[in-house]
Amino acid sequence: NINSLLLLSSENLKSTNLLSKNVVGGKVQYFHYECDGFDDRGWGCAYRSAQTIISWFIINKNLNVSVPTIIEIQSILVSMKDKSEDFINSCQWIGSVEISLLLNSYLNISSRIAHVDSGKNISQIIKILQNHFTTSSTPVMAGNKGGGAITILGIGETLDDDKSPLILVLDPHYVGNDSIDMISKSPWFYWAKPSTIFNTTSFYNLCLPENSIPIISNSISSSSDSFDQTEFKIELLETGFDKK
(Lines give C-alpha, C1' and ligand atoms only; values in the text may rest on other atoms or scores of the structure.)
Protein backbone atom coordinates (compact mmCIF):
# COMPACT_ATOMS: atom_id res chain seq x y z
CA ASN A 1 0.00 0.00 0.00
CA ILE A 2 1.80 3.13 -1.20
CA ASN A 3 -0.27 5.30 1.16
CA SER A 4 1.70 3.77 4.03
CA LEU A 5 5.13 4.57 2.54
CA LEU A 6 7.49 6.73 4.56
CA LEU A 7 7.34 10.49 4.08
CA LEU A 8 10.92 11.74 4.32
CA SER A 9 12.84 14.99 4.46
CA SER A 10 16.34 15.92 5.56
CA GLU A 11 14.89 16.72 8.99
CA ASN A 12 14.50 12.98 9.60
CA LEU A 13 18.29 12.71 9.81
CA LYS A 14 20.16 14.20 12.72
CA SER A 15 23.70 15.18 11.74
CA THR A 16 26.05 17.13 13.97
CA ASN A 17 28.86 17.13 11.41
CA LEU A 18 27.24 19.44 8.87
CA LEU A 19 28.41 23.01 8.47
CA SER A 20 25.75 23.74 5.86
CA LYS A 21 23.26 21.94 3.68
CA ASN A 22 21.10 22.65 0.64
CA VAL A 23 18.30 20.14 0.31
CA VAL A 24 14.96 19.53 -1.35
CA GLY A 25 12.13 21.61 0.00
CA GLY A 26 9.31 19.57 1.50
CA LYS A 27 8.91 15.81 1.69
CA VAL A 28 9.00 12.79 -0.61
CA GLN A 29 7.53 9.32 -0.43
CA TYR A 30 10.21 6.64 -0.22
CA PHE A 31 9.69 4.25 -3.14
CA HIS A 32 11.98 1.23 -3.09
CA TYR A 33 12.14 -2.39 -4.22
CA GLU A 34 8.85 -4.25 -3.53
CA CYS A 35 7.35 -1.27 -1.66
CA ASP A 36 3.97 -1.84 -3.32
CA GLY A 37 4.15 -5.64 -3.40
CA PHE A 38 5.54 -5.70 -6.95
CA ASP A 39 8.82 -7.63 -7.21
CA ASP A 40 11.26 -5.43 -9.11
CA ARG A 41 14.43 -6.53 -7.36
CA GLY A 42 17.49 -6.31 -9.60
CA TRP A 43 16.04 -3.99 -12.23
CA GLY A 44 13.49 -1.51 -10.86
CA CYS A 45 15.66 1.01 -9.01
CA ALA A 46 15.31 3.82 -11.57
CA TYR A 47 11.53 3.34 -11.70
CA ARG A 48 11.47 3.71 -7.90
CA SER A 49 13.59 6.85 -8.13
CA ALA A 50 11.16 8.23 -10.71
CA GLN A 51 8.22 7.45 -8.42
CA THR A 52 9.95 9.24 -5.52
CA ILE A 53 10.53 12.31 -7.72
CA ILE A 54 6.91 12.32 -8.89
CA SER A 55 5.74 12.02 -5.27
CA TRP A 56 7.66 15.21 -4.46
CA PHE A 57 5.72 17.16 -7.09
CA ILE A 58 2.39 15.65 -5.99
CA ILE A 59 2.97 16.39 -2.29
CA ASN A 60 4.61 19.79 -2.54
CA LYS A 61 2.68 21.19 -5.51
CA ASN A 62 -0.63 19.76 -4.24
CA LEU A 63 -1.37 17.89 -7.46
CA ASN A 64 -4.48 15.80 -7.91
CA VAL A 65 -2.78 12.85 -9.61
CA SER A 66 -1.40 9.57 -8.36
CA VAL A 67 2.13 8.17 -8.54
CA PRO A 68 2.13 5.76 -11.51
CA THR A 69 3.02 2.12 -10.96
CA ILE A 70 5.97 0.55 -12.75
CA ILE A 71 3.65 -0.98 -15.35
CA GLU A 72 1.96 2.39 -15.85
CA ILE A 73 5.34 4.05 -16.32
CA GLN A 74 6.17 1.48 -18.97
CA SER A 75 2.82 2.13 -20.67
CA ILE A 76 3.45 5.89 -20.71
CA LEU A 77 6.85 5.41 -22.36
CA VAL A 78 5.28 3.11 -24.95
CA SER A 79 2.49 5.63 -25.65
CA MET A 80 5.20 8.24 -26.27
CA LYS A 81 6.74 5.82 -28.79
CA ASP A 82 9.98 5.81 -26.81
CA LYS A 83 9.60 2.04 -26.30
CA SER A 84 8.02 -0.82 -28.23
CA GLU A 85 4.93 -2.67 -27.03
CA ASP A 86 6.95 -5.57 -25.59
CA PHE A 87 8.43 -3.14 -23.05
CA ILE A 88 5.22 -3.36 -21.00
CA ASN A 89 5.41 -6.05 -18.29
CA SER A 90 9.13 -6.49 -18.99
CA CYS A 91 12.07 -6.24 -16.57
CA GLN A 92 13.94 -3.74 -18.73
CA TRP A 93 15.85 -0.96 -17.04
CA ILE A 94 15.23 2.72 -17.61
CA GLY A 95 17.62 5.64 -17.14
CA SER A 96 17.70 9.38 -16.67
CA VAL A 97 16.50 10.16 -20.20
CA GLU A 98 13.42 7.97 -19.79
CA ILE A 99 12.68 9.61 -16.45
CA SER A 100 12.93 13.03 -18.10
CA LEU A 101 10.49 11.90 -20.79
CA LEU A 102 8.15 10.53 -18.14
CA LEU A 103 8.16 13.75 -16.11
CA ASN A 104 7.53 15.75 -19.26
CA SER A 105 4.63 13.60 -20.41
CA TYR A 106 3.01 12.92 -17.05
CA LEU A 107 3.54 16.25 -15.26
CA ASN A 108 4.63 18.67 -18.01
CA ILE A 109 7.92 19.14 -16.15
CA SER A 110 11.16 19.84 -18.01
CA SER A 111 14.47 18.41 -16.85
CA ARG A 112 18.15 18.76 -17.58
CA ILE A 113 20.31 15.72 -18.21
CA ALA A 114 23.85 16.22 -16.95
CA HIS A 115 26.35 13.69 -18.31
CA VAL A 116 29.57 13.09 -16.39
CA ASP A 117 32.19 10.89 -18.05
CA SER A 118 33.41 9.25 -14.86
CA GLY A 119 32.52 8.96 -11.19
CA LYS A 120 36.03 10.11 -10.43
CA ASN A 121 35.05 13.61 -11.55
CA ILE A 122 33.72 14.38 -8.09
CA SER A 123 34.26 18.14 -8.35
CA GLN A 124 32.09 18.30 -11.46
CA ILE A 125 29.31 16.25 -9.86
CA ILE A 126 29.40 18.47 -6.77
CA LYS A 127 29.20 21.62 -8.91
CA ILE A 128 26.18 20.25 -10.81
CA LEU A 129 24.38 19.34 -7.58
CA GLN A 130 25.22 22.62 -5.84
CA ASN A 131 23.78 24.56 -8.76
CA HIS A 132 20.67 22.38 -8.89
CA PHE A 133 19.82 22.52 -5.20
CA THR A 134 20.43 26.26 -5.18
CA THR A 135 18.10 26.95 -8.10
CA SER A 136 15.55 24.11 -8.16
CA SER A 137 15.65 22.02 -4.95
CA THR A 138 13.92 19.03 -6.53
CA PRO A 139 14.98 15.39 -6.08
CA VAL A 140 17.65 14.16 -8.50
CA MET A 141 18.11 10.74 -10.06
CA ALA A 142 21.69 9.60 -10.71
CA GLY A 143 22.21 6.53 -12.90
CA ASN A 144 25.36 4.76 -14.07
CA LYS A 145 26.27 2.52 -17.00
CA GLY A 146 25.47 -0.63 -15.03
CA GLY A 147 21.84 0.39 -14.64
CA GLY A 148 22.12 1.30 -10.95
CA ALA A 149 20.18 4.36 -9.79
CA ILE A 150 19.97 6.41 -6.62
CA THR A 151 17.89 9.40 -5.58
CA ILE A 152 19.73 12.47 -4.28
CA LEU A 153 17.89 14.82 -1.91
CA GLY A 154 20.57 17.36 -1.09
CA ILE A 155 24.18 18.39 -0.71
CA GLY A 156 26.12 19.66 2.29
CA GLU A 157 29.52 20.48 3.75
CA THR A 158 31.15 18.98 6.82
CA LEU A 159 32.50 20.88 9.81
CA ASP A 160 35.99 19.59 8.99
CA ASP A 161 38.69 22.10 8.10
CA ASP A 162 38.51 21.09 4.44
CA LYS A 163 34.67 21.40 4.41
CA SER A 164 34.30 18.07 2.63
CA PRO A 165 31.14 17.70 0.53
CA LEU A 166 28.41 15.25 1.50
CA ILE A 167 25.45 14.03 -0.54
CA LEU A 168 22.05 13.11 0.90
CA VAL A 169 21.24 9.71 -0.60
CA LEU A 170 17.90 7.90 -0.71
CA ASP A 171 18.65 4.43 -2.05
CA PRO A 172 15.79 2.62 -3.87
CA HIS A 173 17.48 -0.80 -3.55
CA TYR A 174 16.10 -1.30 -0.04
CA VAL A 175 13.83 -4.29 0.62
CA GLY A 176 11.99 -4.42 3.92
CA ASN A 177 9.57 -2.71 6.27
CA ASP A 178 9.04 1.02 6.00
CA SER A 179 10.78 2.10 9.19
CA ILE A 180 12.75 5.32 9.54
CA ASP A 181 14.96 3.65 12.15
CA MET A 182 15.70 0.76 9.79
CA ILE A 183 16.62 2.83 6.74
CA SER A 184 18.57 5.52 8.59
CA LYS A 185 20.67 3.11 10.66
CA SER A 186 21.63 1.18 7.53
CA PRO A 187 22.97 2.81 4.37
CA TRP A 188 19.62 3.53 2.68
CA PHE A 189 18.89 7.12 3.75
CA TYR A 190 22.08 8.87 4.76
CA TRP A 191 24.68 11.57 4.21
CA ALA A 192 27.50 10.05 2.16
CA LYS A 193 30.93 11.06 0.91
CA PRO A 194 30.71 11.28 -2.90
CA SER A 195 33.66 8.92 -3.32
CA THR A 196 31.67 6.14 -1.60
CA ILE A 197 28.70 6.28 -3.98
CA PHE A 198 30.15 7.22 -7.37
CA ASN A 199 32.07 4.46 -9.18
CA THR A 200 35.25 5.73 -10.83
CA THR A 201 34.91 3.23 -13.67
CA SER A 202 31.41 4.32 -14.71
CA PHE A 203 29.86 7.34 -16.37
CA TYR A 204 26.84 8.99 -14.77
CA ASN A 205 23.72 10.66 -16.10
CA LEU A 206 21.84 12.91 -13.69
CA CYS A 207 18.18 13.79 -14.20
CA LEU A 208 17.65 17.30 -12.77
CA PRO A 209 13.93 18.24 -12.80
CA GLU A 210 13.00 21.89 -12.92
CA ASN A 211 11.02 23.30 -10.02
CA SER A 212 7.97 24.57 -11.85
CA ILE A 213 4.24 24.30 -11.33
CA PRO A 214 2.92 21.51 -13.58
CA ILE A 215 -0.17 21.99 -15.72
CA ILE A 216 -1.90 18.66 -15.33
CA SER A 217 -4.06 17.67 -18.28
CA ASN A 218 -3.24 14.01 -18.50
CA SER A 219 -4.20 10.61 -17.16
CA ILE A 220 -2.24 7.37 -17.01
CA SER A 221 -2.97 6.93 -20.70
CA SER A 222 -0.83 9.95 -21.62
CA SER A 223 -0.47 10.50 -25.33
CA SER A 224 2.74 11.30 -27.12
CA ASP A 225 1.27 14.72 -27.99
CA SER A 226 1.92 15.95 -24.45
CA PHE A 227 5.64 15.73 -25.03
CA ASP A 228 5.53 18.85 -27.19
CA GLN A 229 3.90 21.03 -24.52
CA THR A 230 7.15 21.98 -22.75
CA GLU A 231 10.76 22.31 -23.73
CA PHE A 232 12.82 19.19 -23.15
CA LYS A 233 16.38 20.10 -22.23
CA ILE A 234 19.46 17.92 -22.46
CA GLU A 235 22.69 19.43 -21.25
CA LEU A 236 25.87 17.49 -21.93
CA LEU A 237 28.60 18.57 -19.58
CA GLU A 238 31.51 16.51 -20.89
CA THR A 239 33.15 16.50 -24.30
CA GLY A 240 33.56 13.18 -26.00
CA PHE A 241 30.11 11.90 -25.03
CA ASP A 242 28.89 9.30 -27.48
CA LYS A 243 25.51 10.58 -28.65
CA LYS A 244 24.53 7.39 -30.40
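This is a predicted model: local features need pLDDT of at least 70, side-chain atom pairs count only at pLDDT 80 or more; totals for chains, interfaces and linings use all residues.
Residues are numbered from 1 along each chain as its sequence is written. Local features need pLDDT of at least 70 and side-chain atom pairs pLDDT 80 or more, while totals for chains, interfaces and linings use all residues, and side-chain values use heavy atoms, without hydrogens and water.

**Exercise 1. Strand E9 and its partners**

Find out how many residues of strand E9 are buried, and which strands pair with E9.

*Solution.* 
Step 1. Start with the terms: strands (E, at least two residues) and helices (H or I, at least four) are DSSP runs numbered from the N terminus, and buried means under 20% relative accessible area, exposed over 50%, partly exposed in between (1.4 Å probe, protein chains only).
Step 2. Strand E9 covers residues 204–209, and six of the six are buried, so the rest of the structure largely encloses it.
Step 3. Now look at the directions. In a regular strand, side chains alternate between the two faces of the sheet. From E9, Tyr204, Leu206 and Leu208 point one way, and Asn205, Cys207 and Pro209 point the other way.
Step 4. Two strands pair if DSSP finds at least two bridges between them. E4 (residues 111–116) runs antiparallel to E9, joined by six bridges, and E5 (residues 140–144) is also antiparallel to E9, with four bridges.
Step 5. Finish at Tyr204: Val116 is its bridge partner, and Asn144 stands opposite Tyr204 too.

**Exercise 2. Arg112**

*Solution.* 
Step 1. Locate Arg112 in strand E4.

**Exercise 3. Helix H4**

Compare the reach of helix H4 with its expected span, then list its buried residues.

*Solution.* 
Step 1. The expected span is 1.5 Å times one less than the number of residues.
Step 2. H4 (residues 122–135) has 14 residues and reaches 20 Å from first C-alpha to last, close to the 20 Å expected.
Step 3. An α-helix has 3.6 residues a turn, so residues three or four places apart point the same way.
Step 4. The buried residues in H4 are Gln124, Ile125, Ile126, Ile128, Leu129, His132 and Phe133.
Step 5. After H4 comes Ser137, with a positive phi near 60 degrees.
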